[in-house]
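Me: I would like to learn how to read a protein structure, one feature at a time. Could you walk me through this one?

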Amino acid sequence: MVDYRIDRRSGVATYVQIVQQTKQAIRLGLLAPGDKLPTAREVVEATAVNPNTVLKAYRELEREGLVEARRGLGTFVRRSLGAAPADSPLRAELEDWAARARESGLEREDVAALFTAVLETHYPEQAAHAASAHTPQGDPS
Amino acid sequence: MTAALTTPAAPAAARPAGVPRQWRWLARLHRPSLIGGGALVLLAAAALVWLGGPLTDASAAAWKAYNACGFTPRCSYDQSAILLYKDVYNYVTFAVLAVPFLVAAWAGGALVGRETESGTARLAWTQGVSPARWLASRLVLPAVLTVAGTGLLAALHRWAWATGRDRIDTTKSWYDAATFHANGIVPVGLALAGLAAGALAGLVLRRATAALAAAAVAVGVLWGAVHAALPYLWPSVTRVTTLDEGPLGSGLHVGEGVLTAGGGRAAAPCLTSQMQSCRDTLADMGATAFYRDLHPASHYWPLQLVATGILLAVAGLLTYAAFRVLRRTTGTARG
Amino acid sequence: MTVPALEADALGKRFGRRAWALRDCSFRLPAGRVCAVVGPNGAGKSTLLALAAGLLAPTEGTVRVLGAHPATARPRVGFVSQDKPLYPQLTVAETLRMGADLNPGHWDADTAHRAVAGGDLDPGRRIRALSGGQRTRVALALALGKRPELLLLDEPMADLDPLARHELMGLLMGEAAAHGTTVVMSSHVVAELEDSCDHLLLVGGGQVRLSGAIDDLLAAHTRVTAPAGADLAPHEVVESRTTGRQLSAVIRPSGPLPDDWRAHTPSLEELVLSYLRNPAAPAPAPAPEILEAAV
């Protein structure tokens, strides 16, 4: 079962957080294909979030093909998210690289920045918000 | 867009409209008042039965002994019995006459005023009881109980008074103010008017203590007015007597004076032509006879009925006003 | 088009000869929404809710609740007043039983008991012995037990500790999710409402300053930071402040913004505060509502 934690100060929209946390749960194997997602009522009673937000998140997940809504029964997980298993060759290569980065003196933040830059190049982020010229709220200026 | 993954709320048309069950909760909410009021009525009733039974017998026997004494210098009779009868009579009569004030104060304070002041009236109105129904239930049940209680006490009072009337020398006359009212149905009408006045005061003032005071004062004013108007509520009987006799006749006094030669009426300067000074004055005025307007004993019930009728009409008006105020404040839809 | 849950047209209320508590208020709230009524003390929020609940009669204008006159709609509406009136001499259990008796045929005992259960309440305790938060639970239980289509709550969370607030808010949202109940609640604390409410009604000085879906309202406003002295025309200015060499303002943009300005989406709290700080700010044209009506 998924326990949603909404962080109101994170600057990320609530429904996006629900989508992300659901995906994380699927990725981690907490939700397997065929499992029933909590009903909107259950989520809402636990998080005190507007029901429409939950429905929006579920619709987004459905749009991405991760879940499907069966009328009268609930929303069910459709497929799993490919996570590299613990002994995949990709993981071994990454372990190797991380060891080398450490040896050459890179700090944790340097590695994270490097990884994020490479990630951005190969997996560019889709525009998650509709607003065009607006940066998300919470900009410190 | 509805927010439900499950089926949405049933449409309003399918909702069954049951009648709210108020009586039980009205009794529960006013339980202390019911018990207190009931105890008061029972106590007063018991006192009246005691008065009309054993106390009357004891007092009558004492009076008999007193009268049998004549001018015997040393004669014993039970004076305490006579005094006890007198005291209890006065207290109980006061109690019977106080009931309308208590009903009015309770209606203004606990029944309506407290609910409008604390907002529990609004609670009822938003919990399935329409304002009109709410007010109606709060008037009907107390009205029935008031009529029953006040009626019982008045009937017992009349019985107690009647048993002592020929046997006790100092019985109050039927037209003595307190006895007149306590023996009849005027207290019932007054209590109902007080109930309506309390409800209206509670709705208008929305403060329990203010409504309590206003209602009690209203009862006082009503009673004063009814009592002042009492002699004129029924055509009086005129008794004409000679100048020698002076004005005569016992009953509820309406007016008295002299009849003049011209057929008119004038105030009486003095009371009997047997006194020389008086005879002259009367002769100067051209007085032909004394007259006295009064109500004999046979007029008791007509007067009571008219007075009570007026009070019931006032009660009706006040009740109507209360519903009007309620409708205007809450904007209840009509037609 | 479905019947709106709440609809006001030039609604006004005046008490006696004093100033108007509400004047010329018009708005429409579609069904199934969770609406926050926000505004300073004395703005008219309580009056508005009482008018919608059929407890007051309007001095001018009309208000329609679930498509009907408020008095007619009263059985379908749940209302909790700001002072949460309850009968002090009854116990908690008796109060709920009274609710069942006063609403025969449409009383949901389960929901009512669930609202009361969370507060660790002894059902045999008298109302007068309860704390403010516990009284709120009982009052909410009565309103929820009616299974209303519209819930009107006047500052329901004011007496509650954060845990109770979260729990009861969850309960309310659960009701909205399960039955499509429209929830209208007034509050001072805007930040908390941002997550649960999807509709906003901002009342200030007896007038409706803002009304609409929160997403639409936030999308229609921009918080800008510009060099001091920048000309904000032709955009509609809600509020602007100059500190030192910087001008910050909340505007309703009508056209592209200059490149040297920084633009952000305001938070709900920022939006509300900017309107409240400038009582003379013009209200937005009610275009979105009309468009919605045409759907």
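Reply: Gladly! Keep in mind that this is a predicted model.

Me: What is the helix and strand content of residues 12-80 of chain A?

Reply: That span is 51% helix and 12% strand, and its end C-alpha atoms lie 24 Å apart.

Me: How should I read a salt bridge?

Reply: Side chains of opposite charge can pair when their charged atoms come close. Within chain A, A:Lys23 and A:Glu64 form such a salt bridge, at 2.9 Å from N to O. A:Lys23 belongs to helix H1 (residues 14-27), while A:Glu64 sits in the loop between helix H3 (51-63) and strand S1 (67-70), so the pair ties together parts that are 41 residues apart in sequence. A:Glu64 is partly exposed, at 31% relative accessibility.

Me: Where do A:Arg41 and A:Glu45 lie?

Reply: Both are in helix H2 (residues 40-47) of chain A, 4 residues apart, which is about one turn of the helix. A:Arg41 is partly exposed at 24% relative accessible area, and A:Glu45 is partly exposed at 25%. The two also belong to a network of salt bridges with C:Arg114 and C:Glu175.

Me: How do I judge a contact between two chains?

Reply: The size of an interface is often given as the accessible area lost when the parts come together. Between chain C and chain B, about 3600 Å² is buried, with carbon and sulfur atoms giving 53% of that area. The contact takes 45 residues from chain C and 42 residues from chain B.

Me: How many salt bridges are counted between chain C and chain B?

Reply: The count is 2. B:Arg28 forms a salt bridge with C:Glu94, with the closest N and O atoms 2.9 Å apart. B:Arg24 forms one with C:Asp101, at 3.0 Å from N to O. B:Arg24 lies in helix H1 (residues 23-29) of chain B and C:Asp101 in helix H3 (residues 92-102) of chain C, so this pair joins two chains.

Me: Is C:Asp101 buried or exposed?

Reply: C:Asp101 is buried, with a relative accessible area of 8%, whereas B:Arg24 is partly exposed at 45%.

Me: Which residues make a nonpolar surface patch?

Reply: A:Leu94, A:Phe115, A:Leu119 and A:Tyr123 make one of about 430 Å². A:Phe115 lies in helix H5 (residues 108-122) of chain A and is partly exposed, at 44% relative accessible area.

Note on methods. Residues numbered from 1 in each chain as written. Chains lettered and ligands numbered in written order. Predicted model: local features only at pLDDT ≥ 70, side-chain atom pairs only at ≥ 80, totals over all residues. Heavy atoms only, no water. Patch = residues over 30% accessible without salt bridge, like charges linked within 9 Å, V, L, I, M, F, W, Y side chains within 5 Å. Areas by Shrake-Rupley, 256 points an atom, 1.4 Å probe, with all protein chains shown as cover. Salt bridge = Lys/Arg side-chain N within 4 Å of Asp/Glu carboxyl O. Buried < 20%, exposed > 50% of the residue type's maximum accessible area, 1.4 Å probe, protein only. Contact = heavy atoms within 4.5 Å. Buried area = accessible area lost by both parts, 1.4 Å probe.
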